[in-house]
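Please work through the exercises below with the sequence and the model at hand. Each task is followed by a stepwise solution.

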Amino acid sequence: QVQLVESGGGLVQPGGSLRLSCAASGRIFSIHIMGWYRQAPGKERELVAIITNGGSTNYAESVKGRFTVSRDYAKNTEYLQMNSLKLEDTAVYYCKYRDFEDYWGKGTLVTVSS
């Protein structure tokens, strides 16, 4: 089992920044992928960014150049640095861990509003 705990969400004005964290604990395999997804009200959950244990990354087109995903391997923690936030970035952001199974955090709310 893997447990994921997100933090760092909150209210921010358009153009502002936030950094989300996701701490993983439990049975962490050396080969895995971690990622960030989000779900806005009335919409389906969508991929934001992923990072492999080797450090390769991939981003949704809508966040490229604004968001950066990173890892602290010693802490088993994943981060999502979000800059130049837009109104449409408002959503619940979820952390996901995948090895042979998928594990999800409970989510953290990001609200972009003036």
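The model is predicted: local features need pLDDT of at least 70, side-chain atom pairs count only at pLDDT 80 or more, and totals for chains, interfaces and linings use all residues. Residues are numbered from 1 along each chain as its sequence is written, and side-chain values use heavy atoms, without hydrogens and water.

**Exercise 1.** Determine the strand order of the open sheet of four strands, and explain which strands stand at the edges.

Step 1. Strands are DSSP runs (E, at least two residues), numbered from the N terminus, and two of them pair if DSSP finds at least two bridges between them.
Step 2. The order is β1-β3-β8-β7, with antiparallel pairing.
Step 3. β1 (2–7) and β7 (67–72) each have a single partner strand, so one side of each lacks a neighbour in the sheet.
Step 4. Six bridges join β1 to β3 (residues 18–26); Leu4 has Ala24 as its bridge partner in β3.

**Exercise 2.** Describe the pairing and the two faces of β7.

Step 1. β7 is joined to antiparallel β8 (residues 77–82) by six bridges, and Thr68 has Gln81 as its bridge partner in β8.
Step 2. In the hairpin of β7 and β8, with four residues between the strands, Asn76 takes a positive phi near 50°.
Step 3. Phe67, Val69 and Arg71 form the covered face of β7, whereas Thr68, Ser70 and Asp72 form the uncovered one.
Step 4. In a regular strand, side chains alternate between the two faces of the sheet.

Terms used
Buried < 20%, exposed > 50% of the residue type's maximum accessible area, 1.4 Å probe, protein only.
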